[in-house]
Amino acid sequence: MIPNVTTPGAVPIKLDPVSLVVHASGPVFIVVWTLVVAAVLVWVITVLKLLQLARLSAAERRFEVEAVQVTSADQLFALSRRHADAPGARVVGEIARRSGSQPKVIESAAKRAMVTEQQRASSLMATLSSIAAAAPFVG
């Protein structure tokens, strides 16, 4: 057994995580704080996405409940103007703007509107996936 020898006047080494981070060398200090910032960003983005998806889902539900009861295209178009925050209503609104056009033009406009809604709903996901992919390698 090796005896525990301490030198007189030596500062004892603390092994708690806070002391290790605060007294770390420059590169280690930067890496640790970069990971802390990345973790905070992941949580902020996650909360923002949850709030956005909840808002979009609620708006879409309200639109669909009323859309089931309409009997004509004009009523559906008017309903889409009242529910402008619902993704489905925005797609219907785009169809309404092209209602006098040829069927192919209307179909193309609807597809483009759906792609726009998908892009809107997936905002910040690239940032989130980049942080999630890079953070383990930084650590």
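Q: Helices (H or I, at least four residues) and strands (E, at least two) are DSSP runs, numbered from the N terminus. In which helix is the place of Glu117?

A: Glu117 has its place in helix H5, which covers residues 103–121. The model is predicted, so local features need pLDDT of at least 70 and side-chain atom pairs count only at pLDDT 80 or more, while totals for chains, interfaces and linings use all residues. Residues are numbered from 1 along each chain as its sequence is written, and side-chain values use heavy atoms, with hydrogens and water left out.

Q: How many helices and strands are there in the protein chain?

A: The protein chain has six helices and zero strands. Read from the N terminus on, its elements run α-α-α-α-α-α.

Q: What should the residues of H5 span?

A: The expected span of a helix is 1.5 Å times one less than its number of residues. For the 19 residues of H5 this gives 27 Å, and the end C-alpha atoms of H5 are 27 Å apart, so the two values agree.

Q: Is Glu117 buried or exposed?

A: Buried means under 20% relative accessible area, exposed means over 50%, and partly exposed is in between (1.4 Å probe, protein chains only). Glu117 has a relative accessible area of 13%, so Glu117 is buried. In the protein chain of 139 residues, 21% count as buried.

Q: Which residues of H5 are buried?

A: They are Ala109, Ala110, Ala113 and Glu117. These residues cover an arc of only 100° around the axis, which means that they lie on the same side of H5. The arc is that of the directions from the helix axis to the C-beta atoms. On the other side of H5, Lys104, Gln118 and Gln119 are exposed.

Q: What covers the buried residues of H5?

A: The cover includes helix H4, residues 87–97. Contact means heavy atoms within 4.5 Å. If residues up to four places away in sequence are not counted, Glu117 touches Pro87, Arg90 and Val91. For the protein chain, consider contacts between residues at least 6 apart in sequence: 48% of them join residues at least 24 apart.

Q: With which residue does Arg120 form a salt bridge?

A: A salt bridge is a side-chain nitrogen of Lys or Arg within 4 Å of a carboxyl oxygen of Asp or Glu. Arg120 forms one with Glu117, and the closest N and O atoms are 3.3 Å apart. The two are three residues apart in helix H5, so about one helical turn separates them. Arg120 is partly exposed, at a relative accessible area of 39%. Arg90, Glu117 and Arg120 are linked in a network of salt bridges.

Q: How many salt bridges does a search of the whole structure find?

A: The search finds seven. One of them joins the side chains of Arg62 and Asp85, at 3.5 Å from N to O. Arg62 lies in helix H2, whereas Asp85 lies in the loop between helix H3 (73–82) and H4, so this pair ties together parts that are 23 residues apart in sequence. Arg62 is partly exposed, with a relative accessible area of 43%, and Asp85 counts as partly exposed at 36% relative accessibility. The side chains of Glu94 and Arg98 also meet in a salt bridge, at 3.2 Å from N to O. Here Glu94 is buried, with a relative accessible area of 14%, but Arg98 counts as partly exposed at 26% relative accessibility.

Q: Which residues make a nonpolar surface patch?

A: Patches are made of residues with over 30% relative accessible area and no salt bridge; like charges are joined within 9 Å, and nonpolar side chains (Val, Leu, Ile, Met, Phe, Trp, Tyr) within 5 Å. A nonpolar patch of about 890 Å² includes Phe29, Ile30, Trp33, Leu48 and Leu124. Leu48 has its place in helix H2, residues 26–67, and is partly exposed with a relative accessible area of 43%. The accessible surface of the protein chain is about 10,300 Å², and 69% of this belongs to carbon and sulfur atoms. Accessible areas come from the Shrake-Rupley method with a 1.4 Å probe; for residues, only the protein chains shown count as cover.

Q: Is the phi of Leu124 positive or negative?

A: Most residues other than glycine have a negative phi. Leu124 is not a glycine, yet its phi is positive, about 70°. Leu124 lies in the loop between H5 and helix H6 (125–138), and is partly exposed with a relative accessible area of 38%.
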